[in-house]
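Colleague: Could you walk me through this model, starting with how a pair of its helices cross and then moving on to its domains?

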Amino acid sequence: MTELFHLLAPEVAPVWVLEGDIKGFFDNINHDWLCRNVPMDRTVLRKWLRAGVIDRRQIMATEAGTPQGGIISPCLANATLNGLETQLKRHLAKKLGVKKAGRTKVQVVRYADDFVITAASKELLENEVRLWVEQFLSVRGVELSREKTQITHIHQGFDFLGWNFRKYVPKSPYRKDKLLIKPSKKNVSAFYRKMREIVKGSGTLTQEALIGQLNPVLRGWAHYHAPVVAKATFSTLDHLIHWRLWRWAKRRHPKKSAAWIRKKYFHSINGRNWLFAFPYRNSKTEVKYRRLYALADTTIVRHKRLPGDYQPYDAAQELKWEKLRVQRMQHKLRYRGQILGLFRRQQGKCALCGHAISKETGWHDHHVVRRVDGGPDTLSNRVLLHPNCHALVHSQRQAVALLHSGL
């Protein structure tokens, strides 16, 4: 998504997009091609491919393709489509010349078996690029879906990975076109249907149990769309879900008044009214609330683009990638809990110098055994360091004094 924004947002960006959809990709990958081209032990690979699938106590042979959900399937899928961009650009450069090929603005962005190809003209995508892609895929045993593969203008917009990418023409002639990435209508509709089914199928669940079922789904979907223009969508869905829960409450108590239902299921918390929440008392007899997660409360955080030479196993760049990882993760609740656990374990002190860590000093999340050396991402292999101490560890390869980390 970030790469597409980088390619399509500029004023001189390509305006035509081919949305590639591969028919039955995981089911039809050619085994012989994989064994000839994937750089690994061929005997082991062939055993993985021919192992079969057990579904409802029935074993089914796998003569072609890789089973969806299989551990090795995503890796083999990536290996199958590797070279799509480099070989396409090489083909265009050979046919049109290097300079002319550069002016076509052909770029490929791929996620697993979903990909889009940008270009400056529709004719190039139809007459040259699409035919080449079909030939590229046929060797691997798969083909494009004629119904779902489309060529669209950026002003019409296209859907990719649950988002809608579209450039909007401003009303003022003095303003430039603006690319906006929003949750796609299809994705939003599917999400709301899922929420509706959870509420309709709740049966005799209590309010607390219903909130427990809804919150993980709400939070997961909201965090997926947190890097895009989603605030308006979040607010609309909050309103629709509120209306759905109001109907759920009225259905449970058909003889009660609206005021009674509101008092039982909807509460005012910190100045906010009509919150679907379940009150409970803690050990101090203080009333607290377990409330429904509000989509509109999700913070919009733009995803930082990785440089083209990103290599997670480059030891010389490890400090840079650790900083980037902290920037990406710090707004997530799960990561905040991990940092709090590390902070408590180290008694609020830097694992290297032993001095206090605070918001003013800042901190970095460091892997004791480097990821490039096979170190895990578990808390037992991570410590908190001052930024300066972190730079010292990496510049001088100084060992962290684990006596300060509590390990």
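**Helices and domains**

Modeller: Helix 6 passes helix 8 in a right-handed crossing, where right-handed means that the near helix is turned clockwise from the far one by less than a right angle, and left-handed that it is turned anticlockwise. Helices here are DSSP runs of H or I with at least four residues, numbered from the N terminus. This is a predicted model, in which local features need pLDDT of at least 70 and side-chain atom pairs count only at pLDDT 80 or more, while totals for chains, interfaces and linings use all residues. Residues are numbered from 1 along each chain as its sequence is written, and side-chain values use heavy atoms, with hydrogens and water left out.

Colleague: At what angle do helix 6 and helix 8 pack?

Modeller: Helix 6 (residues 84-96) and helix 8 (residues 122-138) pack at about 130°, and their axes are 11 Å apart; axes are lines fitted to C-alpha atoms over the stretch in contact, and angles run from 0 to 180 degrees between N-to-C directions. The two helices are therefore oblique to each other, since angles under 35 degrees count as roughly parallel, over 145 as roughly antiparallel, 65 to 115 as roughly perpendicular and the rest as oblique.

Colleague: Which residues of helix 6 and helix 8 meet?

Modeller: On the helix 6 side they include Leu 84, Leu 88 and His 91, and on the helix 8 side Trp 132 and Phe 136 are among them, with contact meaning heavy atoms within 4.5 Å. The residues of this contact divide into seven nonpolar, two polar and two charged, where Ala, Val, Leu, Ile, Met, Phe, Trp, Tyr, Cys and Pro count as nonpolar, Asp, Glu, Lys and Arg as charged, and the others, Gly among them, as polar.

Colleague: And how does helix 9 lie against helix 10, parallel or antiparallel?

Modeller: Helix 9 (residues 185-200) packs with helix 10 (residues 207-224) at about 170°, their axes being 10 Å apart, and that makes helix 9 roughly antiparallel to helix 10. Their contact has ten nonpolar, two polar and one charged residue.

Colleague: What about helix 9 and helix 11?

Modeller: Helix 9 and helix 11 (residues 231-252) pack at about 20° with axes 11 Å apart, and are therefore roughly parallel to each other.

Colleague: Switching topic, what domains does the chain have?

Modeller: The domain assignment gives domain 1 (1-180), domain 2 (185-297) and domain 3 (315-395), with bounds that come from an automatic or database assignment. The centres of domain 1 and domain 2, taken over C-alpha atoms, are separated by 38 Å.

Colleague: How much area is buried between domain 1 and domain 2?

Modeller: About 510 Å² is buried between them, with carbon and sulfur atoms giving 66%; buried area is the accessible area (1.4 Å probe) that two parts lose on being put together, summed over both.
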